[in-house]
Amino acid sequence: MKLYALSGDPAKPCYVLSYKGLMIMLDCGLSISSVLNFLPLPLVQSPKFQCLPNWNCRDSDIQLEDGEIKECCGCAFVNSAPEFVPPLEKLIDFSEIDVILISNYTNMLALPYITEGTGFCGEVYATEPTLQIGRFFLEELVEYIEASPKENTARMWKEIQHQLPMPLNDVFKPKNWRHLFSMDAVNKSLARVRMTGYDQKLDIFGALQVTPISSGFCLGSSNWTIVSGQEKISYISGSSTLTTHPRPINQTALKYSDVVIMTGLTQAPHVNPDAMLGELCMNVMMTLRNGGSVLIPCYPSGVVYDLFECLSVSLDNQGFTQIPMFFISPVADSSLAYSNILAEWLSTSKQNKVYIPDEPFPHASLVKNAKLKHFKHIDSEGFSTEFRQPCVVFCGHPSLRFGDAVHFVELWGSNPLHTIIFTEPDFPHMQALAPYQPLAIKTVYCPIETSLNFQQANKLIKELKPGVLVIPENYTQPPAIAPQKLDLVIDPIPDKMIIKFKRGEVIKLPLKRKRGRVYLNPKMAKTICPQEVQPGVTVSTVTGVLQVKDNIHDLLPLEPTKEELADEHKSKPAGPPQPYSQLRTVRYEWGTLDINLLLKKLAQDGFTDLKVEQGSADEVTLLLPSEDTVIKVSEKSTDIVCGGKQSLRLKLRDLLLQCVQSF
């Protein structure tokens, strides 16, 4: 078994497992952090970004396109359409992938890069919410990029990267970056996805059985178990033990695995999500009291549901009942509507509301009461009429490089009364704000990450008792945001192996196939006649034809061949016996040779001059002087030495076999 690491970001994993001749891709996360190296895409021409000075190379022989690199407050940015970091292509041929298992909607954004234009013809499995909400993420991303097209594409900067100013001179392999796919590629890739439910066992070409298990992280999120006969592999990605709106994590199904691959731990291990939620509400209230508005860059699903619920309660408690909340996204209406019809994927408390009947999420009532207003864009019909300040605005994109958030940062950035609150840990907030500097707006960083922290992960590992643990190398050292906290790592497991990996590596996993499963045909089962060879142990021979098809092993009975059926009608069979007929008459001997019975049989057959010599305790020698023959019998072997007399040897062999048990 081999593991190919196609991603360097544990929060956006993409790995390939090679096992039993199959190539299984585990997630296809897309690293979006590369967009921070590009200038924002405003919805209309921005004087600020247009007036930024160009960076020019000191080497006169190197000529960049006009305005290819812009400078802002000591940082350089690429003035072009943003590019993304897809999974490594050179490590594996995507056309050889047999199946893709997706754990949650945040880990499927690279799917079009893998399935379209690569020759891919395998299967893709995901739960229904993962597919539908993943569609919202992809559609929003594509629409944001296409809404603000760039006239020119910057290319030369990648050739002189080492001469560029910070941070461009430090980015990792920008030549592997790619522009975003089209909406057509999104639709084609999502059409390949086959929806599955929790605990549904899926057969993979007869060789493996994979099962999605609730992970508790977000709507429809799942861990996966991969079972082959006696071997079990568990893939844990994006899990949570907190009590929020998704169905709780199922730990029982993950226990006692031979191999556990763990990734997708929290990106903010140094903070508590509950404390961050409280701090967010406090900063929102302070800003509103001072007459300012709040911008919260967000994704179209996920934590934003919890923010609606928490903030609406806080606004009511603090007397801000009339303060509106705006949710702006190309998929805002779809996301809000879809989340309320997912009863089977929710926690028990949320499910119970469905049967009252009541909406499981409070944003449905907030929309009805006009406390939460949703629009596709800021230029959508009715937005300018409804918009009033102070307010709270939720919109994308958290990177602040595209989407309606770009407009609000430019609109409110120079006013210290307003606040921008970052809740998504995917992007360092100061890097996200860098091209907008200088700014007067108040900045608050409240990362709300519900996936497992290191303490929870270590506790889970102890309870699961894996044979081998496989983790990204990042998890064996403290994170860069808190290098002094030595407890923010995965602890060693006594007497267990931990294998670490990093991007671009191919590692061998110590899982060897010990047994295979063979299905016994019912006809053959009826013919079995067990015999007891020792107290409590019975055996029986099974003679048949082993058929292997689609990785399924079937033991079938020996049916008569056409030649054998033809010979039955003849008085004398012609030619040598058929192999099947010989197999049917095979007998298997076992047990200890009865020496007294053998002597009696030999005497009855005319061997009268027998001599018996007792050697060691378990060795007897029989001498036949008249035939110049010696028979040596020991615990482990029986030898007949008869000087080349084939007929005599066969006669003695048959007599000897009559003195042992057979079946």
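A disulfide is a pair of cysteine sulfur atoms within 2.5 Å. By that criterion, a search of the whole structure finds 0 disulfides. Cysteine 14 is in no disulfide, and the nearest cysteine sulfur, that of cysteine 28, is 6.1 Å away. Cysteine 73 is likewise in no disulfide, with the nearest cysteine sulfur, that of cysteine 72, 4.0 Å away. Burial is judged by relative accessible area, with buried meaning under 20%, exposed over 50%, and partly exposed in between (1.4 Å probe, protein chains only). Cysteine 14 counts as buried because its relative accessibility is 0%, whereas cysteine 73 is exposed, with a relative accessible area of 56%.

This is a predicted model, in which local features need pLDDT of at least 70 and side-chain atom pairs count only at pLDDT 80 or more, while totals for chains, interfaces and linings use all residues. Residues are numbered from 1 along each chain as its sequence is written, and side-chain values use heavy atoms, with hydrogens and water left out.

The chain is divided into domain 1 (2–267 + 451–508), domain 2 (273–445), domain 3 (519–584) and domain 4 (589–662), with bounds that come from an automatic or database domain assignment. The centres of domain 1 and domain 4, taken over C-alpha atoms, are separated by 72 Å.

The strands come next. Strands (E, at least two residues) are DSSP runs, numbered from the N terminus, and two strands pair if DSSP finds at least two bridges between them. Strand β1 (residues 2–5) runs antiparallel to strand β24 (residues 506–508), joined by 3 bridges. Within this pairing, the bridge partner of leucine 3 is isoleucine 507. Strand β1 is also joined to strand β2 (residues 15–19), again antiparallel, by 4 bridges, and there leucine 3 stands opposite leucine 17.

Strand β8 (residues 123–127) is mostly covered, as 4 of its 5 residues are buried. It pairs in the parallel sense with strand β7 (residues 99–101) over 3 bridges, where isoleucine 100 stands opposite valine 124. Strand β8 also pairs in the parallel sense with strand β10 (residues 193–196), over 4 bridges, and threonine 127 stands opposite threonine 196.

On a 1 Å grid over the protein atoms alone, a cavity is a set of points where a 1.4 Å probe fits but cannot get out, and a pocket is an open set with protein on both sides within 12 Å along at least five of seven lines; lining residues have an atom within 4 Å of a point. Grid points are joined across faces, edges and corners, and a volume is the space filled by probe spheres set on the points.

The largest pocket holds about 1600 Å³ of space. Its lining has 48 residues, of which Gly8, Asp9, Ser33, Asp426 and Asn474 lie nearest its centre. Domain 1 and domain 2 both give residues to this lining, so the largest pocket lies between them. The second largest pocket has about 580 Å³ of space. Among its 23 lining residues, Gln45, Gln50, Asn79, Lys150 and Glu151 are the closest to its centre.

The whole structure also has 3 cavities of 30 Å³ or more. About 430 Å³ of space lies in the largest cavity, which is lined by 32 residues, with Thr106, Phe217, Val303, Glu424 and Glu449 nearest its centre. Domain 1 and domain 2 each supply at least three residues to the lining of the largest cavity.
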